[in-house]
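Dear colleague,

Please find the structure below, handed over for your records. My findings follow it.

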Amino acid sequence: QVQLVESGGGVGQAGGSLRLSCAASGRTFSSSAMGWFRQGPGKEREFVAAISRSTGITSYADSVKGRFTISRDNAQYTMYLQMNNLKHAATVVYYCAADSRVLSAFQNSAAGTGLGAWGQGTQVTVAS
């Protein structure tokens, strides 16, 4: 089982950028598809982006396409989410997730239900 720890959250400015990291421990990182979800106050957790185990195939929610970029460094056991052109929003918690199944397990899951491993989340606030 892979353990996940997010970092890089904080306060950003509308139109600015932030980069989130998800550090993994455990030998299954390179065999796991990885993804990001987020949850705003009073809202259900939603899919943001996902990346395949080794081919680098990615998938994004429509709301972040063209602004966010997901990537991973298997040698460093780390996944990233580069967030550009941030939009003003109340505090949102971003979670990283890992699963041994294919990419579609992330984008087709309801709020990430059933995915194998989760981090504890990192908060992101975008000021206007």
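In which loop is Ser-52 found? Ser-52 sits in the loop between β5 (46-51) and β6 (58-60); strands here are DSSP runs of E with at least two residues, numbered from the N terminus.

Before going further, please note that this is a predicted model, in which local features need pLDDT of at least 70 and side-chain atom pairs count only at pLDDT 80 or more, whereas totals for chains, interfaces and linings use all residues. Residues are numbered from 1 along each chain as its sequence is written, and side-chain values use heavy atoms, with hydrogens and water left out.

Ser-52 has a relative accessibility of 11% and therefore counts as buried (under 20% relative accessible area, with a 1.4 Å probe and protein chains only). The side chain of Ser-52 reaches the backbone nitrogen of Gly-56 at 3.1 Å. Beyond its neighbours within four places in sequence, Ser-52 is in contact (heavy atoms within 4.5 Å) with Ala-33, Ile-57, Arg-72 and Leu-103.

A search of the whole structure gives 1 disulfide, defined as a pair of cysteine sulfur atoms within 2.5 Å. Cys-22 and Cys-96 form this link, with their sulfur atoms 2.1 Å apart. Because Cys-22 lies in strand β3 (residues 18-25) and Cys-96 in strand β9 (residues 89-99), the pair ties together parts that are 74 residues apart in sequence. The link of Cys-22 and Cys-96 is right-handed, with 60° about the S-S bond. Cys-22 is buried at 0% relative accessibility, and Cys-96 is buried with a relative accessible area of 0%.

Yours sincerely

Notes. Helix = DSSP H or I, 4+ residues; strand = E, 2+ residues; numbered from the N terminus. Buried < 20%, exposed > 50% of the residue type's maximum accessible area, 1.4 Å probe, protein only. Polar contact = N/O pair within 3.5 Å; in protein donor to acceptor, adjacent residues only side chain to side chain.
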